[in-house]
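Hello,

Here is the structure we talked about. Please open it alongside this note. My findings follow below.

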Amino acid sequence: MKTLLLDVVVGGLTTGGIYALVALGLNLQYGLMRVLNVAHGEFLMLGAYLTYALHTGWGVNPLLTLLITGPTAFAVGLALHRVLYARLLEGDAPESLESRSLLLSFGVMFVLQNAALLVWSADLRGYSYLAVPLRWLGTVFPANRVLAAGVALALGLAFYAYLRTSLTGKAVRALMQEPDGARLVGIQTARIHALCFGAGIAMSAVTGSLVSMLFELTPFMGLPYTVTALVVVILGGLGNMLGCLAAGLLLGLVETAGVYLASSDIRLISSYAVLSLILILKPSGLFGR
Amino acid sequence: MTMRRRAFLKTAAAGAATVPLWRGKARAQAKPVRIGYAISATGPYAVGASITQAPNYTLWQEQVNARGGLAVKGEGRRPIEFVSTDDRSEIETAVRFYEKLATDDKVDLMLPPWGSAMNFAIAPVATKYGYPMIGPTAISGKFKELALPYFYTMLVQPEPQMQAVAAKLRDLREQGKIKKVAVAYVNDLFGIELNAATGPAFKAAGLEVVDTKSYPLAAKDLSPMLRGFKAAGADAFVGLTYPPDNILVTGQAKEVDWNPAVFFTGVGTAFPFYRDRFKGAEGVMGIAGWNPKVKFAGAKEYFDAHVKKHQKEPDRWASAFAYASLQILERCVGEVGLDHARIKGMLDATEFQTVAGPIKFVKGENVATPGMIGQWQKNEFELVWPKTWATGTPVVPKPAWA
Amino acid sequence: MAARLAWAALGAALVVAPQVLAPYYRSLALAILADVGLAVAWAFFSGPTRYLSLATGAFFGAGAYTTAVVMARLPWPLPVLAAAGVAAAMALLVGTLALRLRGPYFAVFTFGLAELAKHTLIWFETSITGTVGRLLLSPPGPVTLYYTVLAVAGLAVATAMALPRARWGVALIGIGADEERAETLGIDTTRVKIGVFALSAAFMGAVGGAMAPRWTYIDPQVFNPLVSFQTVIMALLGGPATVAGPILGAVFLGLLSEILLVKFRYLYMLSLGLVLIGVVLLLPAGLSGLRRIRRA
C-alpha cells in the first residue's frame, strides 16, 4: 500500500510536469492575447522530431538538443507572430479574435503536419534513452520519465520566476491583468506579444524534445497535447501562470490515481471529471479571476 | 530527397525503362489496366498503411510493369495504371472515392484501403459494383456477418489466432515453464475481439489467468497495469496490443523491472522498427505470419525487392499477405481475364501458392493460414508455432531485457 | 426577389439531383449537404451568442452511434429522430454546466466533450456490453440517405431563418450583445441558451445519424474532435452572421477539399492549410464579406 501511494505521487508528478510545461506555453498565447493556437501541439511534434533527428543522426544527447530546439522554436514563434498573427491582433475584438485565430491556427496545423509527413513519412519513429529502472524506497521508476518531468518542472518554475522578477515579466503580467492600463503606462504591447508568442512556441517545442525520450513519434502526435494543454490552462485559470503549473500537476496526479485505482480507460474521464468539478465550483478556473 | 520522391522517381524510371520493351512489340501500345484504390497517407491510419500496404502496391506495380505489364488472358500484357488517392483516414472520403472509381472512372480492378474500419465501409461498395476485393488488413469476426460475396480476408481471424496462442501456452505449462498468465488488451474492436476469443480458448487449454486489463488506444502510461501483473506473480504476459502501445508496454515492462518467462505483444512486434527499438527484442513473441526464411517460393526475393525499392523491410506479418493478395490477383487475371464474375469464381475455387504460403478462401475467409506465433531471435522473427510451419524453436524463458 | 428565386432554384436542383447525378457526384452533394447542416446548426447558436462551441463532434458522434445501435430495430427515418433526441439530451445535460462558462472556458470545455463521450462510451461498452461498435447490416439506399440529409439540412436552414424573428431568437441576439443586460431586462438567459443549444445539437445529431449508414461499421472513433474544428471553420469562412454564410463556407470548403484531394495527393493538407491562412488574413469577414466588397 505504501508503494502504491509513492507510485501514484511520483507517476502523477512526472506526467503533470510535462502537462504543466506545454500548458504554460499555451497560456502565454491564449491568456495574454486570446489567440487560440490549436497548432500548439504541432510545435511540440516538431521539437520532438528535431531532437530525434539530432540524436539519431548526429548522436547528440537528447537533453543537449533542448539548447537547439528552444531557441529555434523561439525564433520561429517570433516570425510566425510577425507574419501571421500580428495582423489579427491589431484589428479585432476579443471574441472574433478567438475565432479567427482558431481558423488561422488550424491552417498552420495542417501545413505543419503535412510538412512533417513529407519529411519524415508516417512511419513510427522513436529512440530509447535512459529507459532504465531507478530503484527508490522499495519501488521502481523509469529514469527517463523522472528526468523529463524534472527538466520540465524546472523550466516551468524558472519561467515563472522570470515573470515575477524581471521587468519584461512584470510587463507581461501587467498586460494580462489590465491590458488597457498597461498600454497607458507605456508598455509596448506588440513587442510583448511577440516575445510571449515566441516563448510559448519555444516551451511547446522543448516539451516535445522531452516527450521524444519517452514516446514514439508520428506527424499526428500533436493534437492530444493541444487538448491537454487547453484543459490545464482553463483548469488553472486563463492567464494565470502559477495556476497553470498547479493545474498541470493536479491533472497528472488525478489521472495517475484514476489509472491505478480503476483502469487505464479512466484516464481521460477522470481529467474531465476534475475539470467539470472545478468549473462548477469556480467557473473561471482554480486561480482565475 | 524524401522517400516518396525517391519512390516516385524509381517508379517513373522503371516505367520509362519498360518503354523500349513495348516498342519492341510489333503492334500498338497496349491499353493500361486501371486499378483503383484509396490508402491513408495522412491521419492516424497512415502509420499502418505506410508500413504494410502502400509499399506493396507500388512495389508490385513496378515489378509487373517491368515484366511488360499485367498478363491478361487473351490480351497479352497490359501495363498497370493506378488511380489512387489519400483517404485522409476519413471513412466518408474513402467511400466516396470508391464510388467514383466504380461509376465515374470505371476502373478495371480495385484494391482495398487499410484497416478493418475502412474495409467495413468499402467492402459493401466493392460488392455492390461487383468488384472482387481481397483485404489483407481486414481482421474481424464481423466480416463474416456482412456475408459479402466479393470480399475476401487474408489474415488469420481472432479465434484461430488465440487458439494458437492458447495451444502454445498450454504446451509451455505442461513443460513447467509457465504457471500464471496475465492478459492486456487495447479497447478497440481488434483488441476486444481478440480478448473475447482469448477467454474461452485459454479456459479450454486449462490456463490460469490471474488478471485481465484493458487500456485505451492512445494510452501514455501502462506501468500501473504492468506493476499489477508483476505483483500478481504472472510469468506469461499476453498483450493484445497495437502499435504504438506495444512499444510502450515493452519499454515500460523493462522500466518496472519485469521480465516474465513469456512476453507476447500482439501486433507491431513483427515490425522491423520494433526490433531495432529494443536492440533486437530478443525473446519477445508476437503475432506472426511470415519471415524471409520461410520455404515458400519467392519469399526471399520479395524481401530483397522490398528493401531495395523502399529502403525498409516489409513487416513480418501483414506485409507479405498484402503482397500475396496481389500475386493472387495477378494469377487470376492471367488465367481468366478481367471479368469480375470469373475472377470471383477462381478465387472461390483455387488454392493459391504465394510468398506467404498457400492461401485458400472458403466463404471469403482464408483458411489455409494457421494462427502463428513468432519470436525475435538473433534479429529475425522466427516462426515458433505451429510446429509444422516453424522456422525456429521457441526460447523460453525470455532472456533479460537488452 | 432575385435572391429568393435563386435559392428556390437551388432547392429544386438539390431535390432533383439524385435522379440525375452519377453516384460519385451524388455522394459529394450529400457530404456537402451534411456539412451545411452542421455549419448552419452551429451558426444559429454560436453566431448570435458569440459562444464558440466546439461540441459539434460530440453531438455528431452521439447521433451516429445512436443510429448504429437502433437501426436494426427501427424503420427509417426513426433512427435519425432518435439520433437527434439523444444529441439534444446530451446538450441539455452538458449545457447546464457548460453554459455557465464564458468565452475560452466554454470553448475548451465543449472541445473536450467529444473525447469524453468517446472514452465514456468505450468504458461502458467494454465493461457492460462486452463489444464495441455496431455493424449496420442493411442500410437504407443511397438515394434515401440523400433525401434524409437534404431534409435535415433544409430544416436547419429554415430554423436559422426563422429564429431571429422568433422570441427566443431575439433574446439570443440580446444575450450575444450584452448578457448581463439581457438578464436585467427579464430574459431567462439560461433557459434560452440551453434551449437553442439543444436545438442546434439535435440537428448535429441528426446529421450524424443520417450519415452513419454509409460507413457500415460505427465505433467510438466516430466522436472526432476534428469535426468540431471543421464545422467552425466552415461557418467562420463563410461568415457566421448571416444564414447564407455557413452555407457558402460549407460548399466552398467541401468542393475545395475534394478538388485539392484529387489533384494534389500528397500536398492536399498543405494546400488546404495555406488557403485557410490566406482567407483569414485577406478576408476579415469571411467569404460573405467578398460580396459586400464587390457591392461597395
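**Glu380(B) and its surroundings**

Setting aside neighbours within four places in sequence, Glu380(B) is in contact with Asn291(B) and Lys293(B). Two residues are in contact if their C-beta atoms, placed from the backbone, lie within 7 Å. This is a predicted model, in which local features need pLDDT of at least 70 and side-chain atom pairs count only at pLDDT 80 or more, while totals for chains, interfaces and linings use all residues. Residues are numbered from 1 along each chain as its sequence is written, with chains lettered from A and ligands numbered from 1 in the order in which they are written.

Glu380(B) sits in strand 17 of chain B. Helices (H or I, at least four residues) and strands (E, at least two) are DSSP runs, numbered from the N terminus. Glu380(B) counts as partly exposed because it has 17 C-beta neighbours inside 10 Å. The cut-offs: buried means 20 or more other C-beta atoms within 10 Å of the residue's own, exposed means 12 or fewer, and partly exposed is in between; C-beta atoms are placed from the backbone. Phe278(B) is 102 residues from Glu380(B) along the chain, and their C-alpha atoms are 13 Å apart.

Most residues other than glycine have a negative phi, and most peptide bonds are trans. Here are the exceptions to look at.

- Trp385(B) and Pro386(B) are joined by a cis peptide bond, with omega about 0 degrees. Pro386(B) lies in the segment after strand 17 (380-385).
- Val396(B) and Pro397(B) are also joined by a cis peptide bond, with omega about 5 degrees. Pro397(B) is in the segment after strand 17 too.
- Arg88(B) has a positive phi, near 60 degrees. Its place is the loop between strand 4 (80-86) and helix 4 (91-103). Arg88(B) is buried, since 21 other C-beta atoms lie within 10 Å.
- Ala147(B) has a positive phi, near 45 degrees. The loop between helix 6 (142-146) and strand 7 (151-153) holds Ala147(B). Ala147(B) is exposed, as 11 other C-beta atoms lie within 10 Å.

**Chain C**

Chain C has 13 helices and two strands. Its C-alpha trace spans about 55 × 45 × 35 Å along the principal axes. Of its 296 residues, 56% are buried. The radius of gyration is 19 Å, which agrees with the value near 19 Å for a compact globule of 296 residues. That radius is taken over C-alpha atoms, and the globule rule is 2.2 Å times the number of residues to the power 0.38.

Where does chain C touch chain A, and with how many residues? Chain C puts 34 residues in contact with 36 residues of chain A. Helix 5 (103-129), helix 10 (225-238) and helix 12 (268-282) of chain C each give two or more residues to its side. Helix 5 gives the most, with 13 residues.

**The largest nonpolar core**

The largest nonpolar core has 344 residues. Such a core is a set of buried Ala, Val, Leu, Ile, Met, Phe, Trp, Tyr and Cys residues joined through C-beta atoms within 7 Å. Among those with the most contacts inside it are Ala20(A), Tyr98(B) and Val207(C). Helix 2 (residues 23-49) of chain C gives the most to this core, with 15 residues. Ala20(A) touches residues including Val232(A), Cys244(A) and Leu249(A).

Best wishes
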